[in-house]
Amino acid sequence: MEDIKLSAHALNLWFGNKQVLKNIDIEFAKNQVTSLIGPSGCGKSTLLRSFNRMHDLSPEARIEGKLMLGEMDLYDPANSVTQTRKRIGMVFQRPNPLPKTIYENMAYALKLHQFPKAEIPGMIQSALEESFLWEEVKDELDKPAVKLSGGQQQRLCIARTVVLRPEVILMDEPCSALDPISTEKIEELILKLKEHYTFVIVTHNMQQAQRISDKVAFMYLGEVVEFEKTDAIFQNPVHELTANYVRGYFG
Amino acid sequence: MSLKKRETTDRLLKVVFKATGLITIGLLGGIFFMLLYNSMAFFVRIDPIDFFTGSQWNPSAQGGYSIFPLLVSTALVAVGSMVIAIPLGILTAAYLSEFAPKKLQSWLKPAIEMLAAIPSVAIGFLGIVLVGPGIASLMGLQNGLNALNGSLLLAVMALPTIITISEDAIKGVPQTYREASLGLGANRWETLFQVTLPAALPGLIAAVMLGLGRALGETMTVLMATGNASALPHGFLDSIRTITATIAIEMGEVPYQTTHYFALFAIATVLFLITLVVNLLGEYFASRLRKFHS
């Protein structure tokens, strides 16, 4: 039996009058990489963002249903959203380092969450090492983060998330703005980090989904059409829609 | 034929645009040269050391040509108004762009812009009949026409500038910065003070510099509402007279090409240099911060 880390139950989400997610039930297993695939506008990013409550910012968003991290109800008012986001990290589509130095980017969240000052430099170094970035930046930690290349910036964003030791890392098309070599590095990184973390990744890239994920969920018009092991989705899709999508007939 | 025509237009427009650009520089240079030229005539007659270090501006008496009390007056109201207007302006701008509901925004913004449309003479009038007497009775003074009064009024006048430009700067901060910060578990206030406002800093500096420029250059309000005393002030509760007010009051009455006449050009040159330095400093800091943005 798989150990379920993150789950949604009877999840419905509206933006104004438009229903974007329809009755979604999905469970993500611990230490696995799950990819969300589907054509643009199918709701995969919306689903991803509802797990770390990014929709709190849009007043027109309305959510029904249950989202759970382990046994914790994510939308229970008793749970602080900042603690939730510390446990469920997020990496965005475009690398978004803060307009600070590399070191400050790493230290920012550690200071917010009041980690002991003496431990911060060590935590930063090990997170950068785990993200394969330490060797490249160790001599220029006080440079502005935007001076890094796009791929380095994205690895910095991953390291910045990893440094908090979250339980889940959500990624919203993390490689769509990167070149193939940077993409390969990030995929390698995800495969290594999944030992410790649970990944949910939105991607438009079918090859990427096949390379990195244990399971794949195909979404269409706000619903999860099919959720299976990666091989099953790509070799023997049950639904015709899934078959057409993974073979590139639409999307 | 038509090709030739187009090329001629192209060349012509190049000249026109160059000319419009050069006019601004020409005007700036011309004004500066005029001020400097007339100031020279003053410094031939009066020792610059006395001009900066003396303690009296009293041209009708012998030797009373010191800019020092006027400079202190100008600095008092400029600093005083900025102490009030900068935090108020930036926080208002932050509230407007980050927290205010759309409905409130839609009437608050025009109201703030309307504030800028009030003529300075009307604000000066308010200072004489309302704010000044208010300060006097609150502080137990005989007369409320002082530097504090001027600071309050100038703060009101600088606010619309600071708010409008700060708000643009804050709105211009990419949403991705906010998402990055919130995604790491920062709350909205931490995000505002540690990410959004620092990222908007170049624009905020520009806003403050323009507000400060407004306060330094404002004439009518300070002339009416700060008591018109050219003695060296010792604090915010003393009456003062700024550089601008002095020029406005005395220029109309001074005999042409006397020492007094040239003295007014000299203090105008000093004011010009101050505002120039303020602007250059603002530009310097703004450009230093820009390197953190992609």
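Predicted model: local features only at pLDDT ≥ 70, side-chain atom pairs only at ≥ 80, totals over all residues.

Trainee: OK, chain B. How many helices and strands does it have?

Mentor: Chain B has twelve helices and zero strands.

Trainee: What does its C-alpha trace span?

Mentor: The C-alpha trace of chain B spans about 70 × 70 × 30 Å along its principal axes.

Trainee: Which domains does the assignment give for chain B?

Mentor: Domain 1 covers 2–45 and domain 2 covers 52–290. Their C-alpha centres lie 30 Å apart.

Trainee: How many residues are in contact between those two domains?

Mentor: Nine residues of domain 1 of chain B are in contact with eight residues of domain 2 of chain B. On the domain 1 side of chain B, the residues that touch domain 2 divide into six nonpolar, two polar and one charged.

Trainee: What does UniProt list for residues 71–282 of chain B?

Mentor: The unreviewed UniProt entry lists that span of chain B as "domain: ABC transmembrane type-1". In the model, residues 71–282 of chain B are 79% helix and 0% strand, and the end C-alpha atoms lie 21 Å apart.

Trainee: And which residues go under "transmembrane region"?

Mentor: For chain B, the unreviewed UniProt entry lists 21–46, 66–96, 117–139, 151–170, 191–212 and 261–281.

Trainee: Pick a couple. How much helix is in 117–139 and in 191–212?

Mentor: Residues 117–139 of chain B are 91% helix and 0% strand, with end C-alpha atoms 31 Å apart. For residues 191–212 of chain B, the span is 95% helix and 0% strand, and the ends lie 27 Å apart.

Trainee: Switching to chain A. What is the strand order in the six-stranded sheet?

Mentor: The order in chain A is β6-β7-β8-β3-β9-β10, in an open sheet with mixed pairing. Neighbouring strands of this sheet are turned by 20 degrees against each other on average, direction ignored.

Trainee: Why do β6 and β10 of chain A each have one side without a neighbour in the sheet?

Mentor: β6 (88–91) and β10 (223–229) of chain A are at the edges and have a single partner strand each, so one side of each has no neighbour in the sheet.

Trainee: Parallel or antiparallel for β7 and β8 of chain A?

Mentor: Strands β7 (residues 168–172) and β8 (residues 198–202) of chain A pair in the parallel sense over five bridges. A:Ile169 has A:Phe199 in β8(A) as its bridge partner.

Trainee: And β9 with β10?

Mentor: In chain A, β9 (residues 215–220) pairs with β10(A) in the antiparallel sense over six bridges. A:Ala217 stands opposite A:Phe227 in β10(A). The hairpin of β9(A) and β10(A) has two residues between the strands, and A:Leu221 takes a positive phi near 50 degrees there.

Trainee: What about the four-stranded sheet of chain A?

Mentor: The four-stranded sheet of chain A is open, with the order β2-β1-β4-β5 and antiparallel pairing. β2 (18–29) and β5 (72–73) of chain A stand at its edges with a single partner strand each, so each has one side without a neighbour in the sheet. Helix α1 (residues 44–51) of chain A packs on the sheet and touches β1 (4–15), β2 and β4 of chain A. The direction of α1(A) makes about 65 degrees with that of β2(A).

Trainee: Last topic. How many residues does each chain bring to the contact?

Mentor: Chain A brings 21 residues to the contact and chain B brings 18. On the chain A side, α2(A) gives the most, with four residues. The residues on that side of chain A divide into eleven nonpolar, five polar and five charged.

Conventions. Residues numbered from 1 in each chain as written. Chains lettered and ligands numbered in written order. Domains from an automatic or database assignment. Contact = placed C-beta atoms within 7 Å. Nonpolar A, V, L, I, M, F, W, Y, C, P; charged D, E, K, R; others polar. UniProt positions renumbered as here; feature names shortened; annotations may be inferred. Pairing = 2+ DSSP bridges. Axes fitted to C-alpha atoms, helices over the stretch in contact; angles between N-to-C directions.
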